[in-house]
Amino acid sequence: QEIDSQTYISNWDGYVDWRNRPAITNRHGGLLAASFVLGVEVLENLAFLANASNLVLYFSEYMHFSPTTSANCVTNFMGTAFLLALLGGFLSDAFFTTYYIYLISSLIEFLGLVVLTIQARSSSLKPPKCDQGVPDIPCEQVHGAQAAMLFIGLYLVALGVGGIKGSLPPHGAEQFDETTPQGRKQRSTFFNYFVFCLSFGGLIAVTFVVWVEDNKGWQWGFGIATLAIFLSIPIFLAGSPFYRNKIPRGSPLTTISKVLIAALLNSRASRNLSTVIASMVSSPPPIPTVKEIGQNTNTKDIESIDTPSRSLGFLNRAVSDAPACSALECTVQQVEEVKIVLKLFPVFACTIMLNCCLAQLNTFSVHQAATMNTKLGSLKVPPASLPIFPVLFIMILAPVYDHFIIPFARRLTKTEMGISHLQRIGIGLFLSIVAMAVAALVEIKRKGVATDSGLIDYAKPLPITFFWIAFQYLFLGSADLFVLAGLLEFCFSEAPVSMRSLATSLSWASLAIGYYLSSVIVSIVNSVTGISKHKPWLSGSNLNHYHLERFYWLMCILSALNFMHYLFWATKYKYRSRSTK
């Protein structure tokens, strides 16, 4: 009995190892297990960003799409990939572990990259070459079986990327013991270094791989990406003996749907407090963890779930003695979990506009750089390598933030986090406003040079260095670091345990909706500005004829309005967990 008791105490409750045996506290989880995840993220993002950053030029130069169509194709691909992270997160929570979802998804991405590599290698699978500088000979756009092969490969990659994004961050975050201050601090460090490794993979992608694509051929670029995702699989598997994997607890969407439908259908509009408390005896709410009991924190900023909350009170109808249907019988715990998830959505929604701005990094900004002088001494820098600026800044800022800014903020504020997740997200949203204003000013200067040089009607490189574009990349890259790391940890730490992978995937879904919204805004802008025989702002094959500076000012105004919207929700939000304050 003594041995059995000892064995039970040493197990991680709710976690198993890769062989589905109970995970042991001194053997599974921790920094070592998470380090494999960080190594995998370098290779995974290298494979993804190597193509995404340069794909707009592949579409225009080799598949012969117009600049606007190329931009929309890329944003749709990126949007789909990130939106599918919700599927990866859902499957991780509901049926499989994050461990198996990653392995399946990486194999799917590998297959898609193989298809794209084969197409890039064979000239018979692409449209015939043409000279875009000769207007009398139109270029043949990809169509038929060639287009089918292109988009099948592309969206297999998107499906794989979505599964990886939805499973890898929560898999790493699950390795830490959140009941101790040390475990929570290590988890916060993990998210910072997750973005660092994401950027490191991106650094290799936008320098070495993009150079290979531009100088040696796209078949080599796709080949390197294929090799990277292939190598990530054995590295991930090498960490198998150290991982602790959360046991799936059933579909979170079922719980959410049941509570929402029950709240609508139950005949009793509300329940008095005594009835609710009585129901808690048979259906207790989540028990406060050691961290929630042991910390001295201002409780007015924390939403307690020890008793039924008054917020979103209409959902309390779901807890009824006489439900409309026995299948819709809900516990207080289920109702409170759904409330927590619903409260995440306003914050999530406010980050979409930033990601709409980020979409410009992979589309119009690359086209801008392509019209400028990209020489650095004797070296000609590919326009798609411009993301090196935000990537380098993120790689410098992430360790500085974790090792200097956060410790200083902890001493200053006397709180565990130092800077809260919502404050971090707010800083990022403010920087996005600055970034779009800078982008507009740089475009005004670029077009001024084109006019003064008499090159406004030509596609020749302008006598202005591409380093001017670096400013907008710098601010947007900084905004991305603050918002992405902040939102990932915010969603993971605030969500119920049974819904964490799905909630963390909201960070990527925000990117997806931002990319889609970017395409919609471009289409709306062209429709509205093209009225009454005026030329649309963003149409044609010559970027010098675009009114891109007006578009950037529009994005700046929308970002400012979004920031004010965010401040409203952020000041009203009450943290569920004391450690996130």
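A: A charge sits over a ring if NZ of Lys or CZ of Arg is within 6 Å of the ring centre and within 35 degrees of the ring normal. The model is predicted, so local features need pLDDT of at least 70 and side-chain atom pairs pLDDT 80 or more, while totals for chains, interfaces and linings use all residues. Residues are numbered from 1 along each chain as its sequence is written, and side-chain values use heavy atoms, without hydrogens or water.

Lys165 places its charged end over the ring of Trp508, 5.0 Å from the ring centre. Arg244 lies over the face of Tyr15, and here the distance to the ring centre is 4.0 Å.

Rings also pair with one another. The structure holds 35 aromatic pairs (Phe, Tyr or six-membered Trp rings with centres within 6.5 Å; planes under 30 degrees apart are stacked, over 60 edge-to-face, the rest tilted). Tyr573 and Tyr575 form an edge-to-face pair, because their ring centres are 5.6 Å apart and their planes stand at 80°. Both of these tyrosines are buried (under 20% relative accessible area; exposed is over 50%, partly exposed in between; 1.4 Å probe, protein chains only). Elsewhere, ring pairs join Phe36, Tyr99, Tyr100, Tyr102, Phe236, Phe242 and Tyr243 into a cluster.

Gln368 counts as buried because its relative accessibility is 0%. Leaving out residues up to four places away in sequence, Gln368 touches Glu443, Arg446, Ile469, Gln472, Leu543, Leu548 and Tyr552 (heavy atoms within 4.5 Å).

Most residues other than glycine have a negative phi. Asn20 has a positive phi, near 70°, and lies in the loop between strand E1 (11–16) and strand E2 (22–24). Asn20 is exposed, at 60% relative accessible area. Lys414, also not a glycine, has a positive phi of about 60°. The loop that holds Lys414 runs between helix H16 (388–413) and helix H17 (421–452), and Lys414 counts as exposed at 70% relative accessibility.

Notes
Helices (H or I, at least four residues) and strands (E, at least two) are DSSP runs, numbered from the N terminus.
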